[in-house]
There are 6 protein chains.
Amino acid sequence: MTVELVPGNTLITATPQEGRELAITMARKTIGAMQPDAEVRQVLRPGYATSADSLTAAGHVVAVEFATIAAANNYWRGDSV
Amino acid sequence: MTVELVPGNTLITATPQEGRELAITMARKTIGAMQPDAEVRQVLRPGYATSADSLTAAGHVVAVEFATIAAANNYWRGDSV
Amino acid sequence: MTVELVPGNTLITATPQEGRELAITMARKTIGAMQPDAEVRQVLRPGYATSADSLTAAGHVVAVEFATIAAANNYWRGDSV
Amino acid sequence: MTVELVPGNTLITATPQEGRELAITMARKTIGAMQPDAEVRQVLRPGYATSADSLTAAGHVVAVEFATIAAANNYWRGDSV
Amino acid sequence: MTVELVPGNTLITATPQEGRELAITMARKTIGAMQPDAEVRQVLRPGYATSADSLTAAGHVVAVEFATIAAANNYWRGDSV
Amino acid sequence: MTVELVPGNTLITATPQEGRELAITMARKTIGAMQPDAEVRQVLRPGYATSADSLTAAGHVVAVEFATIAAANNYWRGDSV
């Protein structure tokens, strides 16, 4: 069975908020694909979630994923401009 | 309840200054989503805010978020060109 | 013989999911080109797969590869918008 | 009072040189927003300014800011092509 | 004599595979320009090629170079779509 | 006197090779702006030029600068396609 890497298999979301949630999910799912053992990921979590630098690095990945998703959605410009 | 990741649920801002503020806020809110415990974030802050490298890394994330926001706003070209 | 760096020699995929799989594969194949000894890569894997920061860094590379692939595919916009 | 994050509140500059200066200033102002205590920033400066890796990381942030500014200015193509 | 930084002095390649090879070569040639002593580079190689994090960082650079090359080639869309 | 950050005050170059040289120069000049003391930079150079990871990080900055320069030049497509 293939691991689901892009929920819904689309980059299109209704809103920036949903796009941001997708970015976080996609970043997490890549980690899951590289370390499929959920127990190991659970072991790593406290160290990572209490390190400012680890959180910043993870936030960076989310920013990069979001850039792609935002472009895919033409920045949701129709929503508010 | 969903965590608000994009304030106002739009990438559109009136000015570059507001776009920059949004970039900082979005970067912070991602950290908040990954480490929801405000007390832990409070504990981490002094170490991070007194490390040049941590600040540079955080500044990098802001730069990446801002790139997306600036593109969304067509670089606010109408403002001053 | 040339190492295959881009499976199928195309960036075009049918879906975001396949694009994401291609991003992971391309990231891995670059590592393979730089460290062609599979045994060495095998030795390195446990340390890397149990370090949150290493996984985040690898996830970042996948995000960058995916940005390129997503642009190549016009973000698969026809799929779902 | 709001901290000024984008001097002049515009990404438009007359020349690449000015765009580059803006990139450096914007990168610095983000650090200032995250660490508003100028004395602390002063304390951090010597360590950072004498570390090749810290300087490279800061240079990277400037490169990312500049990419955005350059795009905003259509790369100042009119200047010299 | 100038060091050759872009083989063939063009970003245009026939295929994604060749584009990827160019990305790896360009990344390497930059290192060569910064550390022109081939013996030093030879000394550094084993440490770097047996560190997962070093390989990931190098893979990241290749991904960034490739993004540029892929855009230059309009993603080789004519090849397979 | 202003430090020259973009030689020639333009991102336009005749060839990819010259674009690459500009990328390296611009990356270096940013470091010079942040650490204006040439003697200090001289002190830092050996450590940096003999660390694979430092060289990779510097190569990454060059890749980012080059992406901007390549876009400014429309990837020099006229040269060879």
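## Chain contacts in a predicted assembly

In this predicted model, 30 residues of chain C are in contact with 30 residues of chain A, where contact means heavy atoms within 4.5 Å. Residues are numbered from 1 along each chain as its sequence is written, and chains are lettered from A in the order in which they are written. Local features need pLDDT of at least 70, side-chain atom pairs count only at pLDDT 80 or more, and totals for chains, interfaces and linings use all residues, while side-chain values use heavy atoms, with hydrogens and water left out.

The area buried between chain C and chain A, that is, the accessible area (1.4 Å probe) that two parts lose on being put together, summed over both, is about 2500 Å², and carbon and sulfur atoms give 66% of it. One salt bridge is counted between chain C and chain A, the term requiring a side-chain nitrogen of Lys or Arg within 4 Å of a carboxyl oxygen of Asp or Glu.

| Chains | Salt bridge | N to O distance |
|---|---|---|
| C and A | Arg20(C) with Glu65(A) | 2.4 Å |
| A and B | Arg20(A) with Glu65(B) | 2.4 Å |

On the side of chain C that touches chain A, helices H1 (16–34), H2 (38–49), H3 (52–72) and H4 (77–80) of chain C each supply at least two residues, helices being DSSP runs (H or I, at least four residues) numbered from the N terminus. The largest share of that side, 13 residues, comes from H3(C). By residue class, the side of chain C that touches chain A divides into 16 nonpolar, eight polar and six charged residues.

The contact between chain A and chain B takes 30 residues from each of these chains, and the area buried there is about 2500 Å², with 66% given by carbon and sulfur atoms.

Two copies of a chain are related by a rotation about an axis and a shift along it. The copies use different surfaces, since 13% of the contact residues of chain C recur in chain A.

By contrast, no contact joins chain A and chain D, whose closest C-alpha atoms lie 12 Å apart.

Technical notes:
Ala, Val, Leu, Ile, Met, Phe, Trp, Tyr, Cys and Pro count as nonpolar, Asp, Glu, Lys and Arg as charged, and the others, Gly among them, as polar.
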